[in-house]
Amino acid sequence: MNSEPAPRSLVVSAPGKVILHGEHAVVHGDVVLVNTAFKSKNSLVAKCLNSALLASVADFDESKSPSAEQLDALREFAGIAAESSAPDSLATLAFLYMCLAISAKYGDVPSVDIIVWSELPTGAGLGSSAAYSVCVAAALLAACGAVACPWTEEELSLINSWAFQGERVIHGNPSGVDNAVGTWGRGPGDDVSLARRVPTLRILLTNTKVPRSTKVLVAGVKDKILKFPAIMNPVLDSINAISQECQSVLEAMPGNPSPEYYPVLEELFDINQHHLNVLGVGHPCLDRLCRVTASHGLHSKLTGAGGGGCGVTLLRPGGAEPPSAATYRDLCACGFECWETNIGAPGVSLHCPSALKAEVLRALGMS
Ligand SMILES: Nc1ncnc2c1ncn2[C@@H]1O[C@H](COP(=O)(O)OP(=O)(O)O)[C@@H](O)[C@H]1O
Ligand SMILES: C[C@@](O)(CCOP(=O)(O)O)CC(=O)O
Ligand SMILES: [Mg+2]
């Protein structure tokens, strides 16, 4: 007689994010203005099956960064070449680290099969690495009974702190903003009422499809700051001032946003885009994106780590329903993909499989 427990399925999603202002500066302790951009865009299924999940690396501690020795041991176990930054390698490494560390701390995670499906473009500045890490952390903690459902505030903090460890494996030196948005649906330190006080902005996201790695870009900015501190630190200070100015404009905007605020928001986008180029995280395709939208009277900047990936364009509310078909046409003619979105989405969520869209069920192999 087979006495194995029936496999259990957990379906977890976490949102990506759009950074309006403060990318890179936030790694160095400055303010960031960030919001969620997607609902249920990144899903992961942890099924408790009996496949073998292995290896052990001693001395895990969630308050410490994963050590070089631990990551080397995991790379060797998984057959990942040293310094490989291939998406699959980093995702596998982050998963193995979280799985082993969570097992060591809270008791064995049962054997699991993980299926990851994402509507977010990966490596494009929309926080896919954090959405992935939040989903893996939540699923593993739930699988070993360290968090129950629905999640309490304390359990969300636990998910967030383990997701931060996953981000550390993928990013090297993350600020923690992306995993906080993935967990709570809002930036760290933002109170719940902030979303009610600021207007819902209409934005256009454009993916240049130029691949890049956040880890490499963040390390490049650090090198530049170390090389030219007197030149680069004022740039970070100015980016910080832009974030603060933008936040006060958003808070000053009345419930029915008046168009008079938009030229200020647009100018802040332009200034920040120049600063980000100074930090060395621009790309000719992002310059092109800005030029194309400017030719239609719209203002854009890169979002996330830059170096390619996505740009964000501010749209004015209502009226002549911008962006025009010509804007889409010109951006698509550059080989870019663009879509309009509203900001705001819930954080990490647990889903009932029967409530999932057919498309998601198919992608997860659950239909
Ligand atoms: N759905 C996913 N499946 C597997 N790995 C993912 C997924 N989403 C993100 N990742 C991991 O995150 C990395 C991209 O992270 P990063 O360079 O920070 O860009 P971003 O967070 O802006 O998408 C990928 O290389 C991969 O390792
Ligand atoms: C550049 C940075 O500010 C944001 C990176 O976001 P993304 O991985 O490009 O989505 C880094 C960070 O905050 O950890
Ligand atoms: Mg990332």
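**Entry 1: ground rules**

I am reading a predicted model, where local features need pLDDT of at least 70, side-chain atom pairs count only at pLDDT 80 or more, and totals for chains, interfaces and linings use all residues. Residues are numbered from 1 along each chain as its sequence is written, while chains are lettered from A and ligands numbered from 1 in the order in which they are written.

**Entry 2: domains**

I looked up the domain assignment, which gives domain 1 (9-191 + 347-363) and domain 2 (199-342). Such bounds come from an automatic or database assignment. Domain 1 puts 27 residues into the contact and domain 2 puts in 32 residues. Contact here means C-beta atoms, placed from the backbone, within 7 Å. On the domain 1 side, strand 2 (17-21) and helix 4 each supply at least two residues. Strand 2 gives the most, with 4 residues. I noted that helices (H or I, at least four residues) and strands (E, at least two) are DSSP runs, numbered from the N terminus. The domain 1 side divides into 13 nonpolar, 12 polar and 2 charged residues. Nonpolar covers Ala, Val, Leu, Ile, Met, Phe, Trp, Tyr, Cys and Pro; charged covers Asp, Glu, Lys and Arg; the others, Gly among them, are polar.

**Entry 3: ligand 2**

Where does ligand 2 lie? Both domain 1 and domain 2 give residues to the shell around ligand 2, so ligand 2 lies between them. I found 17 residues around ligand 2, and Pro174, Ser175, Thr214, Gly304 and Ala305 come nearest. A residue is near if its C-beta atom, placed from the backbone, lies within 6 Å. Helix 5 (177-184) and helix 7 (214-227) are the elements that give two or more residues to this shell. By class, the shell has 7 nonpolar, 8 polar and 2 charged residues.

**Entry 4: helices 2 and 3**

Helix 2 (residues 87-106) packs on helix 3 at about 30°, with the axes 10 Å apart. Axes are lines fitted to C-alpha atoms, for helices over the stretch in contact, and angles run from 0 to 180 degrees between N-to-C directions. Helix 2 is therefore roughly parallel to helix 3. Angles under 35 degrees count as roughly parallel, over 145 as roughly antiparallel, 65 to 115 as roughly perpendicular and the rest as oblique. Phe95 and Met98 of helix 2 are among the contact residues, as are Tyr132 and Leu140 of helix 3. The contact has 11 nonpolar residues, 1 polar and no charged.

**Entry 5: helices 3 and 4**

The axes of helix 3 (residues 128-143) and helix 4 (residues 153-171) come within 8 Å and cross at roughly 130°. The two are therefore oblique to each other.

Note on methods: Two residues are in contact if their C-beta atoms, placed from the backbone, lie within 7 Å.
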